[in-house]
Amino acid sequence: IAGWQNAGFVNSTEWWEDKNILSKISRGIRSLEDKDVRARKGATGRRFVDGNGAIRTRDRTMNCLKKEEAGPNGICLRLADRSDCEDIWLWRNSAETRKASFDERRILLREHERWFRGKVANNGARIYIAEKGAEKIGVIRFEFGIKGIHASINLNPVYFGKGFGSGIIKLGSNKFISEIK
């Protein structure tokens, strides 16, 4: 989203908790009254969309259905890729997650992107996305450290309290162990 904002496709990105969000949305809608603005934003947006989103969703869903590793509640795991970066960032910055974190501050997107790129490139770390069908349920990360293996889990806030966490931990642990053998 930040990339879209920098390119001029999105006017602004705000937190839903922002007291002025409705007036900002209203200003954004009014800016679209100009036909030239709509045409420019449409052309910019098309540069960011490859038209293959439905195909990727189908492929990920079919791959999950084919795998024996589909776990409890139909959850399957895949390695995270750059398309997951922003979702993980949004989940990390949810109020519920921040309350349970060692570091309760909001993380800036560019800071998160730098961290994410480093983790994905690190051979000693694995980040898995837990999915049920085409829905992203959460993320689990394993990383070798000086004192052993560090594990971290976070859920998409939509799925808090629905019993997915323990299944993701079990599935993720089994997958990680099988991959490092």
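## Surface and burial

The chain has an accessible surface of about 11,900 Å², computed by the Shrake-Rupley method with a 1.4 Å probe. Carbon and sulfur atoms account for 55% of that surface. Of the 181 residues, 30% are buried (under 20% relative accessible area; exposed is over 50%, partly exposed in between; 1.4 Å probe, protein chains only).

This is a predicted model: local features need pLDDT of at least 70 and side-chain atom pairs pLDDT 80 or more, while totals for chains, interfaces and linings use all residues. Residues are numbered from 1 along each chain, and side-chain values use heavy atoms, without hydrogens and water.

## Fold

The chain has 8 helices and 4 strands (DSSP runs: H or I, at least four residues, for helices; E, at least two, for strands; numbered from the N terminus). Their order is α-α-α-α-β-α-α-α-β-β-β-α. Take the contacts (heavy atoms within 4.5 Å) between residues at least 6 apart in sequence: 53% join residues at least 24 apart.

## Nonpolar cores

A nonpolar core is a set of buried Ala, Val, Leu, Ile, Met, Phe, Trp, Tyr and Cys residues joined through side-chain atoms within 4.5 Å. The largest has 13 residues. Ile75, Tyr128, Ala130, Ile137, Phe164 and Ile168 have the most contacts inside it. Strands β2 (125–132) and β3 (135–145) and helix α8 (165–180) each supply at least two residues of this core. Another core, of 8 residues, lies apart from it; Ile88, Trp91, Ile127 and Val139 are among its members.

## Salt bridges

The whole structure holds 11 salt bridges (a side-chain nitrogen of Lys or Arg within 4 Å of a carboxyl oxygen of Asp or Glu). One network links Arg78, Asp81, Asp84, Asp87, Glu131 and Lys136.

Lys119 pairs with Glu143, with the closest N and O atoms 2.8 Å apart. Lys119 lies in helix α7 (residues 109–121) and Glu143 in strand β3, so this pair ties together parts 24 residues apart in sequence. Lys119 is buried at 16% relative accessible area, and Glu143 is buried at 13%. Glu143 also meets Arg141 in a salt bridge (2.8 Å, N to O). Arg141 is buried too.

Arg92 lies in helix α5 (residues 85–92). Arg105 itself forms a salt bridge with Glu111.
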